[in-house]
Protein chains: 2
Amino acid sequence: MNKRIEYWFDYVSPYAYLTTQVIEELAAKYGREIEWKPMLLGVVFKATNSSPLTLRPPAMARYHQHDMERSARYAGLPFVLPQPFPINTQNTARVCLWMKEVAPERVGEFTRGVTKAYFSGPAAFNDTVWLSEYVNQMGLDGAAAVAACNDERYKEQLRSACEEAIQKGIFGAPWLIVDGEAFWGNDRLPQLEKWLEKGGF
Amino acid sequence: MNKRIEYWFDYVSPYAYLTTQVIEELAAKYGREIEWKPMLLGVVFKATNSSPLTLRPPAMARYHQHDMERSARYAGLPFVLPQPFPINTQNTARVCLWMKEVAPERVGEFTRGVTKAYFSGPAAFNDTVWLSEYVNQMGLDGAAAVAACNDERYKEQLRSACEEAIQKGIFGAPWLIVDGEAFWGNDRLPQLEKWLEKGGF
């Protein structure tokens, strides 16, 4: 059995941002590793006729934005909803896929750092110049990372990932699969932890 | 300020069933009482163009039913999804409104017991004969409870409650309001408890 935890996310998902900050540590506590699976929620939403929470009818959209802010405070993390929101994160996802090949052990650090920068205030998110500098600051090859954004290899990997997500019935993020069991939402981490602790429940 | 916690729910909501079992004890821990606010989710859903989770597209519906079952196990509670689901709960809600007038201190006990019976297996839920017997077994007047189901007084109270819910921006259950702060979902009880403990956060 795959002992790794599949972690499906989009760099633009506020709740995935919260999960991203803690998931590696949580997994390690139970001897598990994370398989980082970036996807594009826009593609997944289209397949399931869903939509971003902040674009729902006014009362719902207001509640969800407030809940994002409060959930971040609850987690002790900064949170500023990016404007505009949502935005397409295909460049960031492709850099992630590139890093999974050239420096797989750094993907968690990259994903935590990038999402924290994005949700801490104005950030040139998904901007190739910004990404290049970020990767350079990690001591990796920023130019190669940016080249990956326009490389058919990573474009195809990202398309395949979205297809795989849809085929697995994934319709939101964060989405975690452990021992074949799916958990959707940052608020399901306590159940996921119980699953890891008990080997299912 | 209203120190009571407004608890909006529908007797047919699986997640409200989970909240119902623990909310009075949680409130009491922080010196609060519950104001039981039954509503009809069907009316609220219509106003917000929403729908029951089990009637969503297949992948979503499957996930949600599984999540209901797992969330009940996580809480150590029995769970059988009623068939058919959902069903209209106007009779149960009207008995609740009647009890709020004649025996307000029993409403929590009634709501815990009725929802537990409903989600433990085949139950004649919302059936006036069943409700009459249930209320009799509580030592209250079952015949009067059933009369309330067809009493314009309680029909009007329930209509008003749904109107109030919509005006407050409520679009799901369980929905809790404490000190003006809204919490949606059984999975927000940890945040609600932190709110009660700290007086906001």
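This short talk concerns a strand residue, A:Lys37, and the sheet around it.

The model is predicted, so local features need pLDDT of at least 70 and side-chain atom pairs count only at pLDDT 80 or more, while totals for chains, interfaces and linings use all residues. Residues are numbered from 1 along each chain as its sequence is written, chains are lettered from A and ligands numbered from 1 in the order in which they are written, and side-chain values use heavy atoms, with hydrogens and water left out.

I begin with the sheet. In chain A, four strands form an open sheet, ordered S2-S1-S3-S4, with mixed pairing. Strands here are DSSP E runs of at least two residues, helices are H or I runs of at least four, and both are numbered from the N terminus; two strands pair if DSSP finds at least two bridges between them. S2 and S4 (181–184) are the edge strands, each pairing on one side only. From one strand to the next, the twist averages 20 degrees.

S3 (residues 175–178) and S4 of chain A run antiparallel and are joined by four bridges. Within S4(A), A:Glu181 is the residue opposite A:Val178.

Is A:Lys37 buried or exposed? A:Lys37 counts as buried because its relative accessibility is 13%, the cut-offs being under 20% for buried, over 50% for exposed, and partly exposed in between (1.4 Å probe, protein chains only). Setting aside residues up to four places away in sequence, A:Lys37 touches A:Glu6, A:Tyr7, A:Trp8, A:Phe9, A:Lys100 and A:Glu164, contact meaning heavy atoms within 4.5 Å.

Notes
Axes fitted to C-alpha atoms, helices over the stretch in contact; angles between N-to-C directions.
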